[in-house]
Amino acid sequence: MIVANEAVLRDPVRLSAVQRARRELPVAPLSADGIARLAARLLDAPMAAVTLVDAEQEHFVGGHNLPASLAGAGHAPLAYSVCKYIVSQDHPVISGDLLGEQSRELREHVLAEQFGVRAFAGVPVRDDDDHPVGSLTVLDTAAREWTGEQVAILVEIAELLRPAATGISTRAVDTLDSAALLDSVQEAFLAVTPDGIVAGFNRAAQQTLGFTAEDVYGRHLDESLELAYDDQPIGAALQRLFAAAPRRPVVRELSVRHKDGHRLASRASLSVIPSAGGPLACVFLTDLSGETAAQELADRHGSFLSALLDSLSVGVIACDDTGRTVLLNRALREVVGWSDEEVPADYPAWVDGALRHDDLRLMTWQQTPMMRAFHTRQTVTDDVVTVFPGHRTRTFASTAQPIIAGDGRRLGAVAVAHEVTAMRRAERFRDCHRQVEYALRTATSAYDAAPDILRAVTTSLNWPCAELFLVDEATADLRSAGHYDATGAAQDGLFGQTPSRGQGVIGRVWQTGQPIWVPDLADAGHGENPDDRAHLRVCLAHGIRTVLAVPVRDGGTLLGVLACYAGAPEFHEDLLTVLLDGVAAQIGVYVALRRAEQLTRQLTRAQDDFVDLVGHELRTPLTSIAANAELLAEDAALLDREHQQMIRVIGRNAAALQQTVGTLLDLAGLDSGHVELTSERCDLAAIVSGCVATARTDTGLSIDVDVLDASPIHGDAERLRQVITDLLSNAAKYSPADGRIHVRLDTGDDDTVELCIADTGIGTPAGERARVFDRFFRGSNVRHHGIPGSGLGLSLAHAIVRRHHGSITLDPNQPNGTIARVRLPRSSPA
């Protein structure tokens, strides 16, 4: 099992050896970074480290491709170390998959959780006395199997780190003369005496510079390689180097001549070591020409990429493997008001308090799509609402995904944000319309519904305030019907104003009937009168910047004004106007219907009052008049002809008035339920035949009859006879002298019968058929022909049929005339 041995780690002898190694390895001619890089390349691993471990910390002597957050400080706590296991075991230690290890300590190791390390292989680094002072370790971000051959290679490479191999001991000159050792280093290496004579030249240097060892050995630098520093011969720089004798390598950029004559830009790691023949300067050269070309290409690609990203209308943000923001394109910078040069590295600080979820809950920086993708390594799609001070609230549809290298390492994350403020507002207003409809449907008046309506509107807009004004029917003034304030702050003087027609935003909408949009009150002037200016100052004092007011109307009638207030300058005037117009239309229809219902109730109450008046105040006098006229008629023989005619006129008109009063009382009783109907089995066919016979005698018109032999139903025979008689009377009244009437009684189905009375009279205008059953209503064509009537006959027929749970309609009869259609159930409902 892989464990750390505290006794080994705290052994005083070993700790002394670690201290010596910490002094000697950094100044060794063989670069520890180069050895780490060699190990990584030979074992095909993305990372490698040369580390020394004491009782408290792990010290990084050399490394290849290690995260800056791990090795940047040069040391790390033992919790970050796998070197401690290798030193404790004092032999090679490998793990093919940390997440699959039995030990919980390994499964939850910091390297796995924070840096994505899945596998490692390490071998001890020992001093001359064979004490394990550290390790050479290669690390992989993917699980893998380590072979015995790979571990053997790692052991051989680690031997280069022993003091004897590094050239730190008195055997340094012998080591430098070892061609095998020098040739094992992949970097170009040369050793130079204080006089500038080349004393060492490895195979990598021959391949890089084109010279052979024989070309340069024992010769001055200026005769072959012509090293130059700051465009000057290297001599002066070498003198300073030997004089300082730095304990750690000094890195400089030099120019060196290739054998074919061209010069190579190189990076040199220079150090001074003692030798039997005196101090030597050890120089490791890295050819920068390819790196420079690559950098130039990368710069060109980077410039093109930056220009491309800045040309996009969508916002793009990216972070590196530590979560630090490294890219923010122009579209996203404009959202927060940054210049092109600003790239905020402190991501948590600049998003703190500025981002919201779609329901306006605060979004922490860890909850942003980019950081969620960074930590979970999954694609994240979400809506983000920005609330930056001084800027309008905006909604962005954001998609983020991690950036993963080919070897599985996490390189960072990128997020793309597309503004969908207008789209989301339109979607929210669909819900807003439903909420407004519900508020209106469940409220007793527009005043009761106003708070819920305005709450739905402000929530959909993400605006703080709104107010509804309605025209008072009695005074024709525009008055506040209600307001809503999402902030909950005291809004003294902001709401409840009584607008003046044509003055201020509300007054101008009232006067013109047109929407008014003020994108920024701060630029809207000072108002046209003192009241306007005072209200403008109140709005600005409460942070109101944008006002949108739309008329509430029903057709061409203006009923009120809906006003909404935003706390930041806003855009999308056309969209917002359309959205609020929809809500205003809902309110307008509701107010108009309520007022129409109120008017209908008033008219109905007036009609009821009139019927009561007729029934109670006229019936008794009419009865007296009719009785006295009848008595006078009995003694008419004693009177002259003129007085006899007067008595007949009085009797006839009194009888007509009595019939009208009786009809009105019947209607009132039927509508109120005070008049009871008798439900009994009767033959509707017999009733129809009797009514037709009477009508033929009274009118003299031709009446065709198509009636069943028997049609039994349950109902009030007298009331049904009254309906049929009235319909036949109407048909005869509105038909010409040569007109014809057709009566048909048919079985509609097993449960109903249908009576149709068709005439060839003047008919009923199409637009008036729905009103012919209203009390006192008479068609316009009837009035035009001068035909007398009260407008009560069809109303009474409709009331009787309805009490029988039937229906009555008027349909056109082609080519002219009317069809009165009565449908009755066969059995009377309970």
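Predicted model: local features only at pLDDT ≥ 70, side-chain atom pairs only at ≥ 80, totals over all residues.
Helix 3 passes helix 8 in a right-handed crossing.

- Helix 3 covers residues 32-42 and helix 8 covers residues 148-159; they pack at an angle of about 165°, and their axes are 10 Å apart.
- That angle makes helix 3 roughly antiparallel to helix 8, because anything over 145 degrees counts that way.
- What kinds of residues make up the contact of helix 3 with helix 8? Seven are nonpolar, with no polar and no charged ones.

- Six strands form an open sheet in the order 3-2-1-6-5-4, and the pairing is antiparallel.
- Which strands stand at the edges? They're strand 3 (75-77) and strand 4 (93-95), and each has a single partner strand, so one side of each has no neighbour in the sheet.
- On average, neighbouring strands are turned by 25° against each other, direction ignored.
- Strand 1 (residues 47-53) pairs with strand 6 (residues 132-140) in the antiparallel sense, over six bridges.
- V50 sits opposite L136, which belongs to strand 6.

**Where helix and sheet meet**
- Helix 8 also packs on the sheet, where it touches strand 4, strand 5 (119-126) and strand 6.
- The direction of helix 8 makes about 35° with that of strand 5.

Definitions and conventions. Residues numbered from 1 in each chain as written. Heavy atoms only, no water. Axes fitted to C-alpha atoms, helices over the stretch in contact; angles between N-to-C directions. Helix = DSSP H or I, 4+ residues; strand = E, 2+ residues; numbered from the N terminus. Parallel < 35°, antiparallel > 145°, perpendicular 65-115°, else oblique. Left-handed = near helix turned anticlockwise from the far one by under 90°. Nonpolar A, V, L, I, M, F, W, Y, C, P; charged D, E, K, R; others polar. Pairing = 2+ DSSP bridges. Contact = heavy atoms within 4.5 Å.
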